[in-house]
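Subject: Structure handover

Hello,

Here is the structure I said I would pass on. My notes on it follow below.

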Amino acid sequence: MDKNRKWPYGIGLGTAELDKEQPEKMAELLEQAVLSGYRFLDTAYSYGTEEILGKALKALFARGVPRESLFIQTKFYPVMPYDGQSVVHQFQESLERLGLDDVDAYLIHQPVPRYSELDYAERNISVWNQMEKLVQAGKVRHIGVSNFLERHLLQIMDNCQITPEINQLEINPQFQQRGLADFCRSKGIAVQGWGSLSITEEAVKTVLQDIAGNYGVSRAQAALKWNLQMGNIPICSSRNILHLQENLNLDFTLSQEDMERIRQCNSATAHRTTWWYPRQQMY
Ligand SMILES: NC(=O)c1ccc[n+]([C@@H]2O[C@H](COP(=O)([O-])OP(=O)(O)OC[C@H]3O[C@@H](n4cnc5c(N)ncnc54)[C@H](OP(=O)(O)O)[C@@H]3O)[C@@H](O)[C@H]2O)c1
């Protein structure tokens, strides 16, 4: 990613929560969301929703929305044998499901398979080297990772030709991951925030509601704006088009005082991330 160029695609629209029983309706929702202003679309092989996104994209292209105006991102899921060859197969399937010839970004979904206690450094490196080949072949513009801690990133950075350009992390006011996000930025890695609206702590909800009132916005808008002002690119999702439209409306600036109030909401435990590597110490 060009560090000197402002990120032009705005907040992300997630697709993990789409209802797979209603593909037509969900494709229409995505179509409406893009027509409302979303430009960055996040999916993953493991979500099983790439086909729905593909359906929406087809309709959007037919309406004249240019392919290059959208940033489409999907992810490699670490399942065995979890090697370079599995990238080739999964990536090809993702392209077919999306109905595309290339994607803007391809990420490794998580640093180790679910519940694994093995050291996946070598496997991650071989997957990464294969992803670099996809860039060289013109199939992917940017490669990155998701849910990677500093040590996972360093393992790749010591063995790569292309440094990871993106790390997608769970980030919201109750789980801010400031140290990891700052490390990423110091290495030129863009930070995307998933779970940006998944706020479960009542005390945090109360603070956000109070702050949102200062600007005449919703709690969701305040949470997204906080994420943006922290320098992250938040991703949100909803099955409700009115919520999605509301989330695009972020034309206000949280004061330093309000940013500081949210800073105090950080908790080391209120998060969803560790179930990927439960026996390993995160920090
Ligand atoms: N890399 C990873 O490991 C990872 C993990 C999880 C998610 N993700 C990505 O991040 C995306 C977001 O996932 P998430 O589960 O973490 O979701 P989220 O965006 O944090 O939260 C979604 C929830 O927020 C609600 N919501 C959205 N806008 C709202 C508004 N304006 N007012 C009130 N409620 C609102 C939605 O409810 P309604 O439907 O009622 O609006 C929904 O229940 C996923 O789709 C996926 O693309 C990545």
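A residue is near a molecule if its C-beta atom, placed from the backbone, lies within 6 Å of it. On that basis 24 residues surround the ligand, and the closest are Gly 14, Ala 16, Trp 194, Ala 220 and Ser 238. They divide into six nonpolar, 14 polar and four charged (Ala, Val, Leu, Ile, Met, Phe, Trp, Tyr, Cys and Pro count as nonpolar, Asp, Glu, Lys and Arg as charged, and the others, Gly among them, as polar). Helix 9 gives the largest share of this shell, three residues.

This is a predicted model: local features need pLDDT of at least 70, side-chain atom pairs count only at pLDDT 80 or more, and totals for chains, interfaces and linings use all residues. Residues are numbered from 1 along each chain as its sequence is written.

Helices (H or I, at least four residues) and strands (E, at least two) are DSSP runs, numbered from the N terminus. Eight strands close into a barrel in the order 1-2-3-4-5-6-7-8, with parallel pairing (two strands pair if DSSP finds at least two bridges between them). Strand 4 (residues 103-108) and strand 5 (residues 140-146) pair over five bridges; Leu 107 has Gly 144 in strand 5 as its bridge partner.

The axes of helix 3 (residues 84-98) and helix 4 (residues 121-136) come within 7 Å and cross at roughly 45° (axes are lines fitted to C-alpha atoms, for helices over the stretch in contact, and angles run from 0 to 180 degrees between N-to-C directions).

Regards
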